[in-house]
Amino acid sequence: MNFTHRLGAVVLLSAFSITAADLTLTMKGTGKANEGTQTQLWSAKFMRTNNPGAQSDTLVDYEKGVNYTINHAKKTVEFFSWDDLEAMAEGVARQMKDLPPQVLAMMPGGGGGEVTVEDAGKEKVAGRACRRWVITAGKMVIDSSYDPSLRPPVPLVSYTRFLKLKNLVTAVGPAASQMKKVGEEMAKIQGMALKTRTVMPYIGEITTEATEVKEGAIPTSAFDLPAGYKSIDKGKELAKNY
């Protein structure tokens, strides 16, 4: 790539976050710990999901590379740094590589590492034209409808890294490698998911669907972590096992 092309790429990445406005998405959720109305708030640095029904919110800091889970019932804030998630995935891979195939097949996610992606056509969500994509990884299926005209206001490089790592928090054993592949495929899809149906073994079906999409400035205070809550570094806790 010559200098002109490199410069153009830098300008394009910068424009991704500069031209995209703050977004507020009202979502309807179903499934385990996902019931009720949720609100997604997107700014140039953060994405926060408020879920009053579950008394639990999530916050992603795209600038620092940290995922937070805010438990209002327990008054705790658990967090994972993306660096710790990547280190954990590498540690899992080292532990799994010498295990016999018959042992791997008995572990969650061990039945096969193939991840497939299917273009499932078009549909409208919240009155917006979307493209459906179905990602299958073993017995897990993620059926999502993306609005290609919507762009997250966060930096593209950080957003792509987040998508590759987001599912590693709950993955164990061979499933960690599989979930990383799923994230890599999700990172290739243009736009933002307005509707997602996920089916997972032992958990069941979880759905999230946007009912309203609004553009407009969001006060920075909306992304503040609550004062007085106990802070727990879950990344460092789990890293000890790998």
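Analyst: Start at glutamine 40, which lies in strand E2 (residues 36-42). Strands (E, at least two residues) and helices (H or I, at least four) are DSSP runs, numbered from the N terminus. This is a predicted model: local features need pLDDT of at least 70, side-chain atom pairs count only at pLDDT 80 or more, and totals for chains, interfaces and linings use all residues. Residues are numbered from 1 along each chain as its sequence is written, and side-chain values use heavy atoms, with hydrogens and water left out.

Glutamine 40 counts as buried, at 14% relative accessibility. Buried means under 20% relative accessible area, exposed means over 50%, and partly exposed is in between (1.4 Å probe, protein chains only). What does glutamine 40 touch, leaving aside its neighbours within four places in sequence? The contacts are Leu23, Thr24, Leu25, Met27, Met47, Arg48 and Thr49. Contact here means heavy atoms within 4.5 Å.

The side chain of glutamine 40 also makes a polar contact with the side chain of tryptophan 42, at 3.1 Å. A polar contact is a pair of N or O atoms within 3.5 Å; within protein, one must be able to donate a hydrogen and the other to accept it, and residues adjacent in sequence count only if both atoms are side-chain atoms.

The structure holds 8 aromatic pairs. In one of them, the rings of tryptophan 42 and tyrosine 159 have centres 6.0 Å apart and planes at 70°, so the pair is edge-to-face. Rings of Phe, Tyr and Trp (its six-membered ring) pair if their centres lie within 6.5 Å; planes under 30 degrees apart count as stacked, over 60 as edge-to-face, and the rest as tilted. This pair links distant parts of the chain: tryptophan 42 is in strand E2 and tyrosine 159 in helix H4, 117 residues apart. Both tryptophan 42 and tyrosine 159 are buried.

Another aromatic pair, tryptophan 82 with phenylalanine 162, is tilted, at 6.1 Å centre to centre and 35° between the planes. Tryptophan 82 lies in helix H2 and phenylalanine 162 in helix H4, so this pair ties together parts that are 80 residues apart in sequence. Tryptophan 82 and phenylalanine 162 are both buried. Trp42, Tyr62, Trp82, Tyr159 and Phe162 form one aromatic cluster.

Now the core. The largest nonpolar core has 23 residues, and Leu25, Trp42, Tyr62, Trp82 and Leu194 have the most contacts inside it. Strand E1 (23-30), helix H2 (82-96), helix H4 (156-165), strand E10 (192-200) and strand E11 (204-215) each give two or more residues to this core. Its largest share, 4 residues, comes from H4. A nonpolar core is a set of buried Ala, Val, Leu, Ile, Met, Phe, Trp, Tyr and Cys residues joined through side-chain atoms within 4.5 Å.

Leaving aside neighbours within four places in sequence, its contacts include Leu25, Met27, Val125, Thr208 and Val213. A second, separate core of 10 residues includes Ala137, Met140, Met179 and Val182.

The strands come next. E1 and E11 run antiparallel, joined by 8 bridges. Two strands pair if DSSP finds at least two bridges between them. Lysine 28 has glutamate 209 in E11 as its bridge partner. E10 and E11 are also antiparallel, with 6 bridges. Arginine 197 stands opposite threonine 207 in E11. The hairpin of E10 and E11 has 3 residues between the strands, and tyrosine 202 takes a positive phi near 70° there.

Finally, the charges. Helices H2 and H4 meet again here. Arginine 161 forms a salt bridge with glutamate 86, with the closest N and O atoms 3.0 Å apart. Arginine 161 lies in helix H4 and glutamate 86 in helix H2, so the pair ties together parts that are 75 residues apart in sequence. A salt bridge is a side-chain nitrogen of Lys or Arg within 4 Å of a carboxyl oxygen of Asp or Glu. Arginine 161 is partly exposed at 28% relative accessible area, and glutamate 86 is partly exposed at 29%. Salt bridges that share partners join Asp83, Glu86 and Arg161 into one network.
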